[in-house]
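Subject: The structure we spoke about, with notes

Dear colleague,

Here is the structure that I promised to pass on to you. Please look through it with the notes below at hand.

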Amino acid sequence: VQLQASGGGLVQPGGSLRLSCAASGNIFSINAMGWYRQTPGKQRELVATITTGGSTTYADSVKGRFTISGDFAKNTVDLQMNSLKPEDTAVYYCNAVCRHWYGATSDYWGQGTQVTVSS
């Protein structure tokens with residue numbers, strides 16, 4: 001399974017960016033997709049996730065500013081980021097929780113895309 005993310009870049013505080021991610025490969029089914037982020041010296045942290053049932057989870061720090069959406073017919077997930085703050089600066093990683101035919105699940109990660117919020 002491969003995850004291809006796009007949409008990162010440099011934006012001024014208060015601006016917006018949209019991240020997109022597409023999963024491809026030998027996918028039996030996907031349980032959930034999401035976005036995580038990481039800054040140097042810190043652990044990777046959850047930003048937002050969405051399940052195939054439409055349930056969403058957000059980090060408290062992004063609630064009301066970020067919106068996650070998924071199209072599981074296409075195995076894609078987007079993250080709309082508004083009102084960006086300098087503390088949102090990080091490498092953002094796409095994640096997919098995939099279920100195998102025999103029932104077990106595995107986590108897959110994209111290559112990461114840099115988001116920099118700075119004036």
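With which residue does Arg65 form a salt bridge, and how far apart are the closest N and O atoms? The partner is Asp88, and the closest N and O atoms are 2.7 Å apart; a salt bridge here is a side-chain nitrogen of Lys or Arg within 4 Å of a carboxyl oxygen of Asp or Glu.

Before going further, please keep in mind that this is a predicted model, in which local features need pLDDT of at least 70 and side-chain atom pairs count only at pLDDT 80 or more, while totals for chains, interfaces and linings use all residues. Residues are numbered from 1 along each chain as its sequence is written, and side-chain values use heavy atoms, with hydrogens and water left out.

The chain as a whole

The protein chain has 11 strands and 0 helices, where strands (E, at least two residues) and helices (H or I, at least four) are DSSP runs numbered from the N terminus. For its 119 residues, a compact globule would have a radius of gyration near 14 Å, and the protein chain agrees with this at 14 Å; the radius is taken over C-alpha atoms, and the globule rule is 2.2 Å times the number of residues to the power 0.38. Along the principal axes, the C-alpha atoms fill a box of roughly 50 × 25 × 20 Å.

Of the 119 residues, 38% count as buried, which is to say under 20% relative accessible area, whereas exposed means over 50% and partly exposed lies in between (1.4 Å probe, protein chains only). The chain exposes about 6,200 Å², and carbon and sulfur atoms supply 47% of that area; accessible areas come from the Shrake-Rupley method with a 1.4 Å probe, and for residues only the protein chains shown count as cover. Among contacts with a separation of 6 or more, 52% are accounted for by residues 24 or more positions apart, a contact being heavy atoms within 4.5 Å.

Arg65 lies in the loop between strand E6 (56-58) and strand E7 (66-71), and Asp88 in the loop between E8 and strand E9 (90-99), so the pair ties together parts that are 23 residues apart in sequence. Both Arg65 and Asp88 are buried, and salt bridges that share partners join Arg37, Glu45, Arg65 and Asp88 into one network.

Another salt bridge is formed by the side chains of Asp78 and Arg18, at 3.2 Å from N to O. Because Asp78 lies in strand E8 (residues 76-81) and Arg18 in strand E3, this pair ties together parts that are 60 residues apart in sequence. Asp78 is buried, with a relative accessible area of 19%, while Arg18, at 40%, counts as partly exposed. Lys63 also forms a salt bridge, with Asp60, and here the closest N and O atoms are 3.1 Å apart; Asp60 is exposed, at 64% relative accessible area.

Inside the chain

Arg37, a member of the network, has its place in strand E4 and counts as buried because its relative accessibility is 6%. Its side chain makes polar contacts with the side chains of Tyr92, at 2.9 Å, and of Ser61, at 3.3 Å. A polar contact is a pair of N or O atoms within 3.5 Å; within protein, one must be able to donate a hydrogen and the other to accept it, and residues adjacent in sequence count only if both atoms are side-chain atoms.

Leu79, in strand E8, is buried with a relative accessible area of 0%. Leu79 and Phe66 are 13 residues apart in sequence and 6.7 Å apart in space, C-alpha to C-alpha.

On the surface

Phe28, Trp101 and Tyr102 form a nonpolar patch on the surface, with about 450 Å² of accessible area together. Patches are made of residues with over 30% relative accessible area and no salt bridge, like charges being joined within 9 Å and nonpolar side chains (Val, Leu, Ile, Met, Phe, Trp, Tyr) within 5 Å. Phe28 is found in the loop between strand E3 (17-24) and strand E4 (29-38), and Gly103, in the loop between E9 and strand E10 (105-109), is 75 residues from Phe28 in sequence and 9.9 Å from Phe28 in space, C-alpha to C-alpha.
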